[in-house]
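Good morning, and thank you for making the time.

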Amino acid sequence: MLIPVSDVNLLAACAKSEAAIFARDALLSIIAHDLRGSLNTIHTWAHVLEAKFGTTQSGMQNILDGIHSGVNQQTKVIEDLIEAVYAETKAMPLTYDQVLLQPYLESVLAHHRTHFAAERSVTFVTDLQIADVHCNLDVKRIWQALWIMLAYAIEASMRDTNINVNALIEQNTCIVSTSFKFSANAWLDEKLEHVLEHFVRVSAAQVSKHSDKLALNLPLAVVAAHGGQFEQRREEDGTVTLTLKLPLTAV
């Protein structure tokens, strides 16, 4: 089952919009986590004040009640608004099909070669060894994950460069990896074409602990839903390798 060109363009558009949704949800998750940490600290200090000064002093009970009430209100906002929103992308229903993975990977490569990679004058150097390998997976979701993984590699690369893409089988696992020289400047160079949103690119350029979670949250979620792994490795020379590992059978 091959994907028609018209469907490929639609899949790419969907992948781009889904990546934005998952990036925002990752950001909401980070915000919720950090806010909870601050609120827990406030809550703890309220108990410290209560233990040290008691509630018999004039006005102390009102102060403590106000602190606890404020913390509880903000916690409810986090639970009912922030966490409720990003929880929607945590559960990812999959429609499994037994397919050859390589044609779909080649479809992703072809689309990027024609569009994003071509605009950046980026060349893929490929070594694909999965021609006869069947995988049990959700085709559309995996296509999106591969498309975003390679889009990330292109976003992180300057013009006129090579990106390596390899695929092989190890221990009943399909491994697709891409390696490239990371450039923080490429993310924010407005003279270059971009597919990821500005706030995602700003985060990625900073190479913070959350930066890759924003840009790669979609492939991370897709691979996790398939029972696989998505890994990133950075070398001292600036080389970054993204690796997608998929079990050949559904979990």
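This is a predicted model: local features need pLDDT of at least 70, side-chain atom pairs count only at pLDDT 80 or more; totals for chains, interfaces and linings use all residues.

Let me begin with a question: is Asp97 buried, partly exposed or exposed? At 33% relative accessibility, Asp97 counts as partly exposed, where buried means under 20% relative accessible area, exposed means over 50%, and partly exposed is what falls in between, with a 1.4 Å probe and protein chains only.

Residues are numbered from 1 along each chain as its sequence is written, and side-chain values use heavy atoms, with hydrogens and water left out.

Back to Asp97, which is placed in strand β1, residues 97-100; helices (H or I, at least four residues) and strands (E, at least two) are DSSP runs, numbered from the N terminus. If we leave aside its neighbours within four places in sequence, Asp97 is in contact with Cys135, Asn136, Leu137 and Val139, and contact here means heavy atoms within 4.5 Å. The C-alpha atoms of Asp97 and Ala12 are separated by 20 Å, and these two residues are 85 residues apart along the chain.

Now to the interior. A nonpolar core is a set of buried Ala, Val, Leu, Ile, Met, Phe, Trp, Tyr and Cys residues joined through side-chain atoms within 4.5 Å. The largest such core has 63 residues, and of these Leu101, Leu146, Trp147 and Phe180 touch the most other members. Helix α5, residues 139-155, supplies the largest share of this core, with 13 residues. Taking Leu146 by itself, and not counting residues up to four places away in sequence, we find that Leu146 touches Leu101, Leu105, Val108, Val176 and Leu244. There is also a second, separate core of 6 residues, which includes Ala32, Leu39, Ile82 and Tyr86.

Helix α5 also holds Gln144, and Gln144 counts as buried because its relative accessibility is 6%. Apart from neighbours within four places in sequence, the contacts of Gln144 are Cys14, Ala15, Glu18 and Leu218.

Next, the aromatic rings. A pair of aromatic rings is described by the distance of the centres and the angle of the planes. Rings of Phe, Tyr and Trp (its six-membered ring) pair if their centres lie within 6.5 Å, and planes under 30 degrees apart count as stacked, over 60 as edge-to-face and the rest as tilted. How many aromatic pairs does a search of the whole structure find? The search finds 3. In one of them, the rings of Tyr152 and Phe180 have centres 6.1 Å apart and planes at 65°, so this pair is edge-to-face. Because Tyr152 lies in helix α5 and Phe180 in strand β5, residues 173-181, the pair ties together parts that are 28 residues apart in sequence. Tyr152 counts as buried at 0% relative accessibility, and Phe180 counts as buried at 2%.

Phe182 and Trp187 form a tilted pair, 6.3 Å centre to centre with 40° between the planes, and both Phe182 and Trp187 are buried. Ring pairs link Tyr152, Phe180, Phe182 and Trp187 into a cluster.

Finally, the charged pairs. A salt bridge is a side-chain nitrogen of Lys or Arg within 4 Å of a carboxyl oxygen of Asp or Glu, and the structure holds 6 of them. One of these joins the side chains of Arg201 and Glu190, at 3.7 Å from N to O. Arg201 is in helix α7, residues 198-206, and Glu190 in the loop between α6 (184-188) and α7, so that the pair links distant parts of the chain, 11 residues apart. Arg201 counts as buried at 5% relative accessibility, whereas Glu190 is exposed, with a relative accessible area of 53%.

Another salt bridge is formed by Glu231 and Lys245, with the closest N and O atoms 3.5 Å apart. Since Glu231 lies in strand β6 (residues 229-234) and Lys245 in strand β7 (residues 239-247), the pair ties together parts that are 14 residues apart in sequence.
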